[in-house]
Amino acid sequence: MELSKWLGIFQQKTMNLKPGDFWQLQFDNFLVPNFPNSGWQQYIRSTSARFRCSRCGRSWPSNQVSIVFHMCLVNGRGTVKVKRYNQNCKTCTAAPMEEPNITDENIHILLENLVKKIKVKCYHEQLERADRPFVNIVVKSPHEPSHCEGCIAGICSK
Ligand SMILES: [Zn+2]
Ligand SMILES: [Zn+2]
């Protein structure tokens, strides 16, 4: 399952943030970009993924998959909420939105960058801010803004 994959990688990356602190991650599809709750920090990245239409079985790659993180640390308890932006099939009528299938490697990169951001924003460490870029996949057709939740929400890159 997708969440358990994220959780495993997340535990591994947050384990040594600060001894005694505990971090948890949850998927939250109702997260509203640009309006984190008070006391929360926001981090937006994009990555690559494959999507598969549950109606016709068609699949397509994308290098414009937005991921929004909101994070908060209170009394040594940290919470990260994640929203992954879906896409739907351009050939089916009223196709359902499909969740991105992100490679383990790119989940590692996303969460590595997230932990760096947590160090800066929640632990006030001084770090150089170079984020590690995600691994691109070959995409031959143009991005479809009307079939992309990130574009519809106005947070998609370009
Ligand atoms: Zn389809
Ligand atoms: Zn988009």
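These legends describe close-up views of a predicted model. Local features need pLDDT of at least 70, side-chain atom pairs count only at pLDDT 80 or more, and totals for chains, interfaces and linings use all residues. Residues are numbered from 1 along each chain as its sequence is written, while chains are lettered from A and ligands numbered from 1 in the order in which they are written.

**View 1. The open sheet.** Four strands line up in the order β1-β4-β3-β2, with mixed pairing. Strands here are DSSP runs of E, at least two residues; helices are runs of H or I, at least four residues; both are numbered from the N terminus. Two strands pair if DSSP finds at least two bridges between them. β1 and β2 are the edge strands, each pairing on one side only.

**View 2. The β3-β4 pair.** β3 and β4 run antiparallel, joined by 8 bridges. F69 has V82, in β4, as its bridge partner.

**View 3. A helix on the sheet.** α2 packs on the sheet and touches β2, β3 and β4. The directions of α2 and β2 make about 175°. Axes are lines fitted to C-alpha atoms, for helices over the stretch in contact, and angles run from 0 to 180 degrees between N-to-C directions.

**View 4. The largest nonpolar core.** This core has 21 residues. Such a core is a set of buried Ala, Val, Leu, Ile, Met, Phe, Trp, Tyr and Cys residues joined through C-beta atoms within 7 Å. Buried means that 20 or more other C-beta atoms, placed from the backbone, lie within 10 Å of a residue's own. β3 gives the most, with 5 residues.

**View 5. Around L25.** L25 is among the residues with the most contacts inside the core. Leaving aside neighbours within four places in sequence, L25 is in contact (C-beta atoms, placed from the backbone, within 7 Å) with W6, L7, F10, V80 and V82.

Technical notes: A residue is buried if 20 or more other C-beta atoms lie within 10 Å of its own, exposed if 12 or fewer, and partly exposed in between; C-beta atoms are placed from the backbone. Two residues are in contact if their C-beta atoms, placed from the backbone, lie within 7 Å.
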